[in-house]
Amino acid sequence: MKNILIGAFFFLAAVLQMSFFPNFFPPGTAPDIILVIIIIWTIRYEFNIVLKWAIFGGLLLDLASFYPIGTNIVSMVASSFFVNSLGKRFLVAQPALRILVFVVMVSAASFISHSIILVLMAMSDGQGSVSILSSVQEYLRSVFHRESGLRIISNLLIFVLMYRP
């Protein structure tokens, strides 16, 4: 019963992420709700517990966004693994520093997730390494662009709203 409720929660989060929030945010800046949920659960629990939900959430996003199956799955699992590794090393710090660690985790996981998606989408184009290199270069140019910063800020806002409850 618990798994069914969590699955329904993920489905609702995917619907919100893919169809509701893009109506209220500029293009490319809508928050990644499933990524934020995976980050929160990885902080609170172990990676092995969160792994199946990262795979399920990534699969839902792949199906909803018509990406090749596995694109968001790899992105969610890699982001969760990164947050788990960072959390084990730095969340034992003083409570005052935890906020800074959370900001770094969410920002870096958002960056990692989007970068992996771009690279995997470029690989699925079938144009080879030239396409991958150009996609990575394009993304690195856009890292300091307003949309990337706004996506990270929206993810941080959703993280703050969801972490305590």
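F66 is exposed, with a relative accessible area of 76%. This residue belongs to a predicted model, in which F66 sits in the loop between α3 and α4. The chain has 165 residues, of which 41% count as buried. Among contacts between residues at least 6 apart in sequence, 66% join residues at least 24 apart.

- The positive phi of F66 occurs in a residue other than glycine.

**Helix α2 (residues 33-44)**

- Helix α2 comprises 12 residues and extends 17 Å from its first C-alpha to its last, close to the 16 Å expected at 1.5 Å a residue.
- Of the 12 residues of α2, 11 are buried, so this helix is largely enclosed by the rest of the structure.
- The buried residues of α2 are I33, I34, L35, V36, I37, I38, I39, I40, W41, T42 and I43.
- R44 also lies in α2; R44 is partly exposed, with a relative accessible area of 43%.
- Apart from neighbours within four places in sequence, R44 is in contact with Y163 and R164.
- R44 and G87 are 43 residues apart along the chain, and their C-alpha atoms are separated by 9.5 Å.

**Helix α3 (residues 47-65)**

- The 19 residues of α3 should span 27 Å at 1.5 Å a residue, and the end C-alpha atoms of α3 are 25 Å apart, which agrees.
- Buried positions in α3 are F47, V50, W53, A54, G57, G58, L60, L61, D62 and S65.
- These buried residues of α3 pack against α1, α2 and α4.

**Packing of α2 with α3**

- Two packed helices are described by the angle between their axes and the distance between the axes.
- For α2 and α3, the packing angle is about 180 degrees and the axes are 10 Å apart.
- With angles over 145 degrees counted as roughly antiparallel, α2 and α3 are therefore roughly antiparallel to each other.
- The contact involves I34, I38, W41 and T42 of α2 together with V50, W53, A54, G57 and L61 of α3.
- By class, the contact of α2 with α3 contains seven nonpolar, two polar and no charged residues.

**Packing of α3 with α4 (residues 71-90)**

- Helices α3 and α4 pack at an angle of about 150 degrees, and their axes are 7 Å apart.
- The two helices α3 and α4 are therefore roughly antiparallel to each other.
- The crossing in which α3 passes α4 is right-handed.
- On the α3 side, the contact is formed by F47, V50, L51, A54, I55, G58, L59, L61, D62 and S65, which meet T71, N72, I73, M76, V77, S80, F81 and N84 in α4.
- The residues of the contact of α3 with α4 divide into 11 nonpolar, six polar and one charged.

**Packing of α4 with α5 (residues 95-124)**

- The axes of α4 and α5 come within 9 Å and cross at roughly 155 degrees.
- That angle makes α4 roughly antiparallel to α5.
- Helix α4 passes α5 in a right-handed crossing.
- From α4, the residues in the contact are T71, N72, V74, S75, A78, S79, F82, V83, L86, G87 and F90; from α5, they are V101, V104, M105, A108, A109, I112, S113, I116, I117, L120 and M121.
- The contact of α4 with α5 has 16 nonpolar, six polar and no charged residues.

- G28 is placed in the loop between α1 (2-20) and α2.
- G28 is partly exposed, with a relative accessible area of 35%.
- G28 and R151 are 123 residues apart in sequence, yet 7.0 Å apart in space, C-alpha to C-alpha.

Technical notes: Residues are numbered from 1 along each chain as its sequence is written. This is a predicted model: local features need pLDDT of at least 70, side-chain atom pairs count only at pLDDT 80 or more; totals for chains, interfaces and linings use all residues. Side-chain values use heavy atoms; hydrogens and water are left out. Axes are lines fitted to C-alpha atoms, for helices over the stretch in contact, and angles run from 0 to 180 degrees between N-to-C directions. Helices (H or I, at least four residues) and strands (E, at least two) are DSSP runs, numbered from the N terminus. Angles under 35 degrees count as roughly parallel, over 145 as roughly antiparallel, 65 to 115 as roughly perpendicular and the rest as oblique. A crossing is left-handed if the near helix is turned anticlockwise from the far one by less than a right angle, and right-handed if clockwise. Contact means heavy atoms within 4.5 Å. Ala, Val, Leu, Ile, Met, Phe, Trp, Tyr, Cys and Pro count as nonpolar, Asp, Glu, Lys and Arg as charged, and the others, Gly among them, as polar. The expected span of a helix is 1.5 Å times one less than its number of residues. Buried means under 20% relative accessible area, exposed over 50%, partly exposed in between (1.4 Å probe, protein chains only).
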